[in-house]
Amino acid sequence: MPFDLHDTIAALSSPPGPAQRGIVRISGSAIRDALNGLFRPNDPSLWETTRLPQRHPGSFWLADIQRWMPVDIFLWPTQRSYTGQPMGEVHTCGSPPLLEAILTAIYAAGVRPARGGEFTLRSFLAGKVDLLQAEAVLGVIDADDQVQLNAALQQLAGGISGDINMVREDLLSLLADLEAGLDFVEEDIEFVDNREILARLTSAEARITSLLEQAVDRMRSTGTARVVLAGRPNVGKSTLFNALLGRGAALVSEIAGTTRDYLAAEVNWHGRPIELLDTAGWEEQSEGPLQAALALREDQLQRADLIIWCITADELPNPLSKEPDCGNARSLTVLTKCDLANTTGPATALRVSAVTGVGLEELTATVAAELSQDSAAPQQLLGTTGARCRDSLHGAVESLQRAREVAELSAGDELLSIEIRVALEELGKVSGAVYTDDILDRIFSKFCIGK
């Protein structure tokens, strides 16, 4: 590794730019030695003697401007910290020149500038987090929306790690039983019968297969859902499109068939990023330019994650109000122009009015809830984690499949033990129980400095 883990390191930990608070993070055994000439605590005896995590109010000397600045230092004086080393954070107002002056003074005291990911790397090597949780730190930093943030926080909390570790523990226990039986083969002692072996292998294979499917699904997903407004001509799709955006993006007319192309806009509804599309009206037969518009509409419907099927409240019943077959996409029926007519419409339809705003908030909340079902699983691998782990999970599944075949054929516990060991090694690569320097370089090189 290109890092000297015995150095004391420091870096800006809060986001760059002005803010109400800025944080400089320091980690290493020489924290107190580096700060003693710079920091004047309000309670010197507590600063020198405490062995517990503690906030230390005081002043920091800035040689460049020749004055003391009020700061708080949060000190973890033992190895019971995020990095597994003595660690501290200097908290003060988030003025970029002030934070730069603090860092300059700390570096002048012999502390080395931290490199990207070095704090989290030390946490991993100290056993505070595994590789899945380390990647989740990066996922929290890079999250673009609430869905991605929730997935990263779930992974950081150790849910996925716990699932993998449970599989590993069960396989280790099974391996111990098998090898104990091999040691006592002459005494004809059976520590685990074949039926139990098959049950435990099948369970482990199913759980790892589920994680592998999540990894593949996350790599296919862009994170932005496609929601398409559809319906027959002149049902108010474009007016609804404009109302949902809060601006006049689509041309609106009383003449049916005004929309000949499709319009797209990015929105964020209740923490969910969405690409909202307005399409041409639904018609069974068409010729000329409209035929090309309807072909574009068909393409958008096929690629949609959710279709909002619009029908009008003032023209029910209508033979075209029944939504067509739109493939595998889910659909949501919306009763538009509800301000123009007093009719109930379909029992499952949401009533909205683009003119008065009635039902728009309920519509956005319903759409977000429908889409959130795609990511409702509590154990969901981040995209970066899935890309790294896919091959290892696939290797573990293949090994368990071979182990199950060996057990079904009663081909010998020696072969069975070998396949289980291969599966354990592959799972160890996922959690970080087995790792190489190039794997760590690949992961932690993506981190920004200070994390």
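Helices (H or I, at least four residues) and strands (E, at least two) are runs assigned by DSSP and numbered from the N terminus. The model is predicted, with local features needing pLDDT of at least 70, side-chain atom pairs counting only at pLDDT 80 or more, and totals for chains, interfaces and linings using all residues. Residues are numbered from 1 along each chain as its sequence is written, and side-chain values use heavy atoms, leaving out hydrogens and water.

Let's start with an open sheet of six strands, whose order is 9-10-8-11-12-13 with mixed pairing. Two strands pair if DSSP finds at least two bridges between them. Strand 9 (263-269) and strand 13 (350-351) are the edge strands, each pairing on one side only. Seven bridges link strand 9 and strand 10 (residues 272-278) in the antiparallel sense, and L263 has D278 of strand 10 as its bridge partner.

Helix 11 lies across strands 8, 9, 10, 11, 12 and 13, and runs at about 175° to strand 12. Helix 9 lies across strand 8 (225-231), strand 9, strand 10, strand 11 (306-312) and strand 12 (330-336), and runs at about 150° to strand 10. Axes here are lines fitted to C-alpha atoms, for helices over the stretch in contact, and angles run from 0 to 180 degrees between N-to-C directions. Contact means heavy atoms within 4.5 Å.

How do these two helices meet? Helix 9 (residues 237-245) and helix 11 (residues 360-372) pack at an angle of about 85°, with their axes 11 Å apart. That makes helix 9 roughly perpendicular to helix 11, a label for angles of 65 to 115 degrees. L240, A243 and L244 of helix 9 meet L360, L363 and T364 of helix 11.

Strand 5 (residues 67-76) and strand 6 (residues 87-94) run antiparallel and are joined by five bridges; W76 stands opposite M87 in strand 6.

Which residues of helix 3 are buried? They are L98, L99, A101, I102, L103, A105 and I106, where buried means under 20% relative accessible area, found with a 1.4 Å probe on protein chains only. Their cover includes strand 1, strand 2, helix 1 (31-35), strand 4, strand 5 and strand 6. Just after helix 3, G110 takes a positive phi of about 105°.

Among the buried residues of helix 13 are L416, I420 and L427. G432 follows helix 13 with a positive phi, near 100°.

Finally, C448 is found in the segment after helix 14 (437-444). C448 counts as partly exposed because its relative accessibility is 35%, between the 20% limit for buried and the 50% limit for exposed. Not counting residues up to four places away in sequence, C448 touches G116, G117 and I141. C448 and I141 are 307 residues apart in sequence, yet 9.1 Å apart in space, C-alpha to C-alpha.

Notes: Angles under 35 degrees count as roughly parallel, over 145 as roughly antiparallel, 65 to 115 as roughly perpendicular and the rest as oblique.
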